[in-house]
Amino acid sequence: MSRSPSLSLKSVPNLSVDPKSFDQWAVAFCIIRFDLEQGQLIEDCYPPGCLSQEEELEVAFNSFPDSVSQHHNRSSIHDCIFFFRIKRRTSGVVLETSSKGRGKNTRYLYGFVFNRQRHDERLKRGGEQKSVVILSHSPYSSVFRPLLQIMGPLFFDIGKKALDNVASFVSKWPNPLPGQLMDLPIGNATLKVNLPPAHSLPLDGEVLFEESASSMAPLLPTNQSVPQGLFHDSDLFGTFKGLLLQLWVLWELLLIGEPILIIAPTPPQCCEAVASLVSLVAPLLLSVDFRPYFTIHDPAFAQLNSLQEGDVFPPMILGVTNLFFLKSLRNIPHTVSVGSPAPNSSRPSLAPRASIGSVPARLDAFGLQQSLKKFSPSSLLNAVKLRRDGPLCLMTEHKEAFWTTYTAITKPDTSVLNRLVDAGLSPRVEESMSVVNNEILRRHFLELTTNFLAPFGRYFRAFAPSEGVSPFVDPPPLPQFNDDDFLGSLSARGPGKFLSKRMRSNWLELYRRFLRGHNFRPWFERKRTVAEQEQHKLWRQARIKSDIYQYINRMSELEVVDSFNATERHLIQEEQASMLSGNADEDSLATCQKLRGDLKAVFNILPKDMHQLLLMNPERAALLQDTLEEGLREHPSAQAGLRNSSTPPR
């Protein structure tokens, strides 16, 4: 895609929009205006009526920078792009979620904002503000941010027609394919985007079978351009280059689901910081609530503000720009300050980078060289003062800093830091080097997370039927998980070579914290479901390929009855799945026909008195109404091979 793509109205012959196709990507396009008398107002929304009144109000409030973080310079136009995440509130509105929608989580709305502040002394209060907003159920930042770079300026050029044009193009896109590179045409440009994989997308309930292709550790992906988690496109290095030594502490806090407050001078900076932290623990599914841009108008703020001293703060990652949060959310245990105010802004100037801790590193260009030197009295006093004053010191001057009382188990990897490239002073070179440094950091933390999760792999391992085992019975259950048994086994085996070099002697404590944390259970259950689906697929394939007569002539009567019951269940499940999909393909029809024949074959070799007992069930009788004795005539050895068993049938 070109750096400045544009749309031509002449190139859009058909502005029709397919609502169902549009909904695969977006919920709505909104234009929001800041009115001096009425505040934030939704000026236009496509499609109309898709939001409740509460949602309209919340979207409008989140689509403008906080007044505290606005720039007060003399430039005529100031544009910025950021995004927010809010909970859906659908009173009076019924939302239909397509079963084929991939990566949808209808509990949350993601709002991607193109905000323009135009300064004009002739207007009241010297200017005006408008925002173009894309609302979606999917956190596809790699799609919507570049789309806003086209859609935002286009709206301010041609007005509402921009929404119709872009909506028409979006509705003609193919359905989202998680984990794949997609070409999405938009006017005379094409967005080449990598969508996050299925296993990283929050879902309401149904787990997508595509997740089985993105299984967990211990193998790392060979293609680094393929994202392994959400917000793979975020600038991890550029956002935290003043706090690189603290990334390993933040990784642990994210892993165990601790609440974190991120404060930055502007919405784009705090959004980038939150997105970068979420991406830090890939491929782990982060289950804590994260808000890239959080304001006092969010309904959750009242609850958070009411927490008293000693109350447990809920697991959340909050990105804020309003300094008021430093006082109202003082109970949050971990606070990170990132970014730098723009010149001539209302924020105080940037102070030297600071941190409450010190870990050795070498890169002077990233402000780390001083960590190699011995503490001087002045540096020691500054560190003590920073710890004593806490985050409230940001009220007087902004500085990049990290406040926490958490003691990390993972040691910063100085070999990774030493590989980072100094960008120099050129902005163009800095942008290129950030890409390189992001890959270095992401590769390391992906490897770190993958190795940390590797011991759980045996609980997700699906097995096909071994040789001589009948696939016509139910597959064995996956190994049961028990916290104490897992920790005991892991303690005996050790953390492995990779982690033992990077963690302190109390490494097992990090696993205990992870098991107690907010992320473990949702991640484990989801991986478990995927593994069960994978095992079901393997046994289904084995049933299709196997001749049932090779097994039933060696079975006892009880085993034959078990095989009958299991085959009946598999047939019913296959037919129900075919009916729910509404599209019985050739493979599904062939599978049902094969299972129906297998069911008849098992039924025919059972004793006649058992036939009457089984046929007392009307649904079973319907399945077997066309039963013939062909199976026995073609395979006379089957009846002879049936060994008697005194155990009665179920």
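The structure is a predicted model, in which local features need pLDDT of at least 70 and side-chain atom pairs count only at pLDDT 80 or more, whereas totals for chains, interfaces and linings use all residues. Residues are numbered from 1 along each chain as its sequence is written, and side-chain values use heavy atoms, with hydrogens and water left out.

Helices (H or I, at least four residues) and strands (E, at least two) are taken as DSSP runs and numbered from the N terminus. Strands of a sheet pair through backbone hydrogen bonds, in either a parallel or an antiparallel manner; here two strands are said to pair if DSSP finds at least two bridges between them. An open sheet with antiparallel pairing is formed by five strands in the order β2-β1-β5-β4-β3. Its edge strands, each of which pairs on one side only, are β2 (39-46) and β3 (77-87). From one strand to the next the twist averages 25 degrees, where axes are lines fitted to C-alpha atoms, for helices over the stretch in contact, and angles run from 0 to 180 degrees between N-to-C directions. Within this sheet, strand β1 (residues 28-35) and strand β5 (residues 127-136) are joined in the antiparallel sense over six bridges, and Ala28 has Leu135 of β5 as its bridge partner. Helix α3 (residues 141-158) packs on the sheet and touches β1, β3, β4 (108-119) and β5, its direction making about 140 degrees with that of β5; contact means heavy atoms within 4.5 Å.

A further open sheet of five strands has mixed pairing and the order β9-β10-β8-β11-β12. Its edges are β9 (289-291) and β12 (401-403), each pairing on one side only, and neighbouring strands are turned by 10 degrees against each other on average, direction ignored. Strand β8 (residues 260-263) pairs with strand β11 (residues 335-337) in the parallel sense over three bridges, with Thr335 of β11 as the bridge partner of Leu261. Helix α7 (residues 267-280) lies across β8, β9 and β10 (316-320) and runs at about 155 degrees to β10.

Helix α6 (residues 247-255) packs against helix α15 (residues 507-516) at an angle of about 40 degrees, the axes being 9 Å apart. This angle makes α6 oblique to α15, since angles under 35 degrees count as roughly parallel, over 145 as roughly antiparallel, 65 to 115 as roughly perpendicular and the rest as oblique. Trp251, Glu252 and Leu255 of α6 meet Leu510, Arg513 and Phe514 of α15 in this contact. By class, the contact has four nonpolar, no polar and two charged residues, where Ala, Val, Leu, Ile, Met, Phe, Trp, Tyr, Cys and Pro count as nonpolar, Asp, Glu, Lys and Arg as charged, and the others, Gly among them, as polar.

Most peptide bonds are trans, and most residues other than glycine have a negative phi. The peptide bond from Tyr46 to Pro47 is cis, with omega near -10 degrees, and Pro47 is found in the loop between β2 and α2 (53-62). Ala282 and Pro283 are also joined by a cis peptide bond, with omega about 10 degrees; Pro283 lies in the loop between α7 and β9.
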